[in-house]
Amino acid sequence: MTRLKTILGGVALAALLAGTGLAFAETDYQKKFQGTELNVLAPSMPQFGAIWKLVPQFEKEYGIKVHVDETPFDQTREKTLVDMQQGTGRYDVFAVDVMWLAEFAAAGFLEPVKKYVDDPKLTEADFELNDFLPRILSGTGVFNDTLYNIPMGAGPVGTTFRKDLAAAAGVTIPAKFDAKFNTDFMRDMIKKMHKPENGVIGFANVPARWFWGVTYLPYLYAFQKPDTVGNEYIGPDWKITINNQHTIDSIDYYVSLKQYMPADGASWGIGEATSAYQSGKAAGVWNYQDFIAGFFEDPKMKDIAGKSVHVHTPAGPDGVQDPWFGSWGLSVSVASKQKEAAWTFIQWMTSKQQQLAALKYGAGPTRHSTFKSEELAKVAPWWPSSYQFMLKQTNPDERVRIPEWAEISDIMGLQGNRVWIGEISSKEAAANMEKDMTAAMKKGGYYTAGAKLPKQAWRDLSYYDRKPSEWK
Amino acid sequence: MVATQATGKSSTPARQGDGVAAMAPRRPGLAALLGPQNKKVFPWVLMAPTILILAGIGIFPFIYALVLASSNIILSKPYLARSFVGLYQYQALIQDPDFWHALRLTIIFTVEAVFLEFWLGLGLALLFQRQLAGKAVIRVIILLPMIITPLVVGLIWRYMFYPGAGLVTYYVGGFFSLFGVRSLPFLADPHWALQTVIFVDVWEWTPFMFLILSAGLASIPAQPYEAAEIDGASSWRIFWTITMPLLRPSILIALVIRTMDAFRTFDTIRVMTQGGPGDSTTTLNVWLTKVGFEFFDASKAAALSLMMMLMIIILSFIFIRVFRARTENAS
């Protein structure tokens with residue numbers, strides 16, 4: 001009996017040791033996070049789906065359990081802010097879109113993370129903050145010179161077209177970022193590819209009110225003249241400058257694409273437009289770089305897999321191209337009761353190794369090393385051509401990074417959508433946008449005498465080119 | 001007589017035949033003060049838990065809303081200075097064209113939806129007065145829409161009207177294409193979108209009218225009908241001079257409840273159109289949610305909700321006064 005007890009005890013001890021061995025942490029300090037549970041709030045998007053595939057490995061390595069709550073994109077900000085302003089600490093990590101960083105950071109809802117980056121107890125030795133593209137890191141995560149998150153995905157918006165249908169229509173699509181791909185070219189191409197008799201529409205646009213600030217804005221920028229760049233909708237004195245002929249022309253152009261969509265397309269969001277393209281019912285569609293792998297190049301999508309070409313949004317009549325900057329970062333909630341564990345998760349998820357590992361699931365690059373990797377060129381060949389754009393041309397303030405952006409975007413969307421449904425003219429829309437945006441800025445205190453106004457970093461983009469490690 | 005001392009206790013015990021006992025009354029304990037013996041206080045003691053709960057979930061939020069509405073709090077911008085602004089939020093609402101637009105849409109939605117629901121519900125209730133085969137089963141089927149969660153109703157109908165692929169858009173589009181007409185943009189046209197959400201509301205809440213009015217019809221005595229039949233009154237005359245007047249109390253209940261609910265409709269509109277296209281289905285409650293949960297302007301949202309509450313109270317008051325006056329006149 002004593003011998004049996006010894007054997008059983010030995011087996012139990014071995015099992016215990018084995019279990020412990022499976023949950024080792026990166027540093028001795030991080031071992032204390034074993035058994036912790038983290039809650040993450042993020043939108044339901046392909047690039048996030050890609051990185052969540054790595055979560056089991058993180059849980060195994062650190063012994064930290066991660067729960068991910070996903071929400072539809074158009075509800076993410078609401079759900080995030082409801083939790084943030086209650087301060088319950090329900091979520092430890094938030095996915096933050098670049099367009100909401102200013103709002104969240106200014107309200108004090110995000111934890112500055114530089115101190116964690118510089119802490120060797122919490123950050124892997126080869127994390128190398130300077131490996132992130134400067135504009136991607138600063139654009140995504142820096143507000144008031146302070147670093148609030150680490151980018152997990154970034155890229156420009158663009159357009160995707162069926163190259164087989166283009167060829168059948170006798171159209172050769174120019175290379176990405178080629179200025180030959182302008183608004184006239186695009187409309188002409190769409191017209192030729194629009195075959196409703198075959199059940200194929202020319203272009204699946206996204207004119208729903210909530211999305212207008214994302215899908216229409218590239219056209220507002222494209223229709224500028226070289227001397228109006230920088231004043232697309234905000235002037236040097238923060239006054240609204242949107243009520244002008246460029247805006248009217250850009251709205252007219254955007255709405256003119258309506259004839260290549262179904263009559264009931266006014267409420268099409270990203271989901272509807274993407275579905276139409278994925279089922280082979282649209283010759284072209286709006287895209288965001290980080291969506292390409294999951295939405296348009298998944299081999300399981302037999303109707304479109306391998307048949308698409310991905311280009312930028314068109315240049316305008318004067319050759320101006322939209323300097324789109326889209327990105328998502330992972331932030332630590334200021335109300336989290338386990339900030340260090342949350343940072344452990346973030347630094348692991350955005351490390352060089354994991355970013356490379358996530359490529360095969362459809363994630364995108366935010367680091368120099370990932371952009372230049374052979375792996376990226378092999379699994380996602382549409383990415384390397386965006387490297388120079390993200391390095392030098394992109395403007396993180398394309399959607400101005402101020403707390404009032406959500407309201408500005410909504411105003412743009414409401415008025416634009418009203419033009420789309422024929423309720424008002426583009427001229428009225430531009431005037432209404434100016435009036436309502438001015439009211440929003442006034443409410444935000446921008447026109448109060450003596451107000452301390454933020455710097456308009458987009459007028460000197462070298463601000464965003466600062467070395468990542470130099471931010472505080 | 002035994003004289004009582006200042007302590008209230010007698011110096012010597014009273015003896016039989018000594019007259020009225022001069023024992024000073026004892027101070028009542030808590031049990032006696034709050035117990036069944038105290039007929040003035042005891043009912044309140046029994047109601048206290050309910051009153052506290054009602055105060056907690058009703059009165060406190062109301063007072064808190066009043067306080068919020070008199071400030072300038074934007075929850076997503078805690079760095080903005082907060083101050084007492086008096087009636088500014090109400091003034092700002094009244095001067096806001098979006099408010100009047102939302103109010104107009106709310107009135108159209110409420111009047112149209114309740115009107116249709118009433119007459120359809122009444123028609124069904126009258127039909128069910130007859131002998132019908134399978135009445136019990138049909139009644140359950142009729143009541144089903146009312147039982148489904150409004151959010152789910154919105155989702156079901158959103159997909160039924162899905163552009164190009166929904167059940168309704170597919171078959172209606174197919175029918176109209178026979179006449180060379182493109183498919184109807186149910187949720188994409190500003191006029192059609194409002195009528196579509198009204199249609200869904202009617203589908204969902206006609207059963208409620210049916211239920212209330214059926215109960216009302218069942219409670220009407222048979223004698224007036226018998227007398228009318230003897231007098232040779234037509235069905236139409238019977239309906240207007242007997243059924244409708246006697247049904248007034250039920251009609252009042254049904255109309256007041258449905259008007260209040262229709263005024264505040266949110267779930268189905270939010271799911272189906274999100275207030276669009278444009279702002280063609282942005283009713284007051286949809287707008288309120290946008291102000292409160294998209295822009296986190298808590299003070300403006302509180303002021304708006306208080307104004308909506310006032311409007312609903314006034315509407316209900318008008319209904320009750322009008323119906324009561326008509327009922328009194330009739331009797």
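How many Å separate the centres of domain 2 of chain B and domain 3 of chain B? I started the notebook with this and found 34 Å, taken over C-alpha atoms. I note at the outset that the model is predicted.

**Entry: domains of chain B**

I looked up the bounds of the domains. Chain B is split into domain 1 (1–25), domain 2 (35–69) and domain 3 (88–330). Next I checked the contact between domain 2 of chain B and domain 3 of chain B. Domain 2 of chain B gives 4 residues to the contact, and domain 3 of chain B gives 7 residues. I sorted the domain 2 side by class and wrote down 4 nonpolar, no polar and no charged residues.

**Entry: domains of chain A**

I then turned to chain A. Its domain assignment gives domain 1 (2–153 + 328–392) and domain 2 (157–312), so I read domain 1 as written in two stretches of numbering, by the definition used for the bounds. The centres of these two domains of chain A, domain 1 and domain 2, are 32 Å apart over C-alpha atoms.

I looked at where they touch. In the contact, 13 residues of domain 1 of chain A meet 13 residues of domain 2 of chain A. On the domain 1 side, α2 (46–52) and α4 of chain A each supply at least two residues. Which element gives the largest share of that side? I found α2(A), with 3 residues. By class, the domain 1 side that touches domain 2 of chain A divides into 5 nonpolar, 7 polar and 1 charged.

**Entry: overall form of chain A**

I noted 21 helices and 10 strands in chain A. Along its principal axes, the C-alpha trace of chain A spans about 90 × 60 × 35 Å. I compared the radius of gyration with the rule for a compact globule. For 472 residues the rule gives a value near 23 Å, and chain A has 24 Å, so the two agree.

I also looked up burial and contacts. Of the 472 residues in chain A, 52% are buried. Among contacts in chain A between residues at least 6 apart in sequence, 79% join residues at least 24 apart.

**Entry: where chain A meets chain B**

How many residues of chain A are in contact with chain B? I recorded 24 residues of chain A, in contact with 24 residues of chain B. On the chain A side, the elements that give two or more residues are α4 (73–86), α5 (98–106) and α20 (405–420) of chain A. By class, the side of chain A that touches chain B has 11 nonpolar, 5 polar and 8 charged residues.

**Entry: helix α8 of chain B**

I followed helix α8 (residues 190–218) of chain B from end to end. It has 29 residues and reaches 42 Å from its first C-alpha to its last, close to the 42 Å expected at 1.5 Å a residue. Where does α8(B) bend? I found a bend of about 40° at W205(B), and a proline, P207(B), follows within four residues.

**Entry: L151(B)**

I picked out L151(B), which lies in helix α6 (residues 150–160) of chain B. L151(B) has 13 C-beta neighbours inside 10 Å and therefore counts as partly exposed. Leaving out residues up to four places away in sequence, L151(B) touches D267(B) and V271(B). I also checked L151(B) against L93(B), 58 residues apart along the chain, and their C-alpha atoms are separated by 28 Å.

**Entry: backbone exceptions**

I kept the general rule in mind for this entry. Most residues other than glycine have a negative phi, and most peptide bonds are trans.

In chain B I looked at the loop between α12 (267–272) and α13 (284–294), where P277(B) lies. The peptide bond from G276(B) to P277(B) is cis, with omega near -5°. Q274(B) is found in the loop between α12 and α13 of chain B too. Phi of Q274(B) is near 55°, a positive value in a residue other than glycine. Is Q274(B) buried or exposed? I have it as buried, because Q274(B) has 20 C-beta neighbours inside 10 Å and the cut-off for buried is 20 or more.

In chain A I noted W238(A), which has a positive phi of about 70° although it is not a glycine. W238(A) is found in the loop between α11 (217–222) and α12 (245–256) of chain A. With 19 C-beta neighbours inside 10 Å, W238(A) counts as partly exposed.

Notes. Residues numbered from 1 in each chain as written. Chains lettered and ligands numbered in written order. Predicted model: local features only at pLDDT ≥ 70, side-chain atom pairs only at ≥ 80, totals over all residues. Contact = placed C-beta atoms within 7 Å. Nonpolar A, V, L, I, M, F, W, Y, C, P; charged D, E, K, R; others polar. Expected span 1.5 Å × (residues − 1). Bend = angle between axes of the 7 residues up to and from the residue. Rg over C-alpha atoms; globule rule 2.2 N^0.38 Å. Buried ≥ 20, exposed ≤ 12 C-beta atoms within 10 Å, placed from the backbone.
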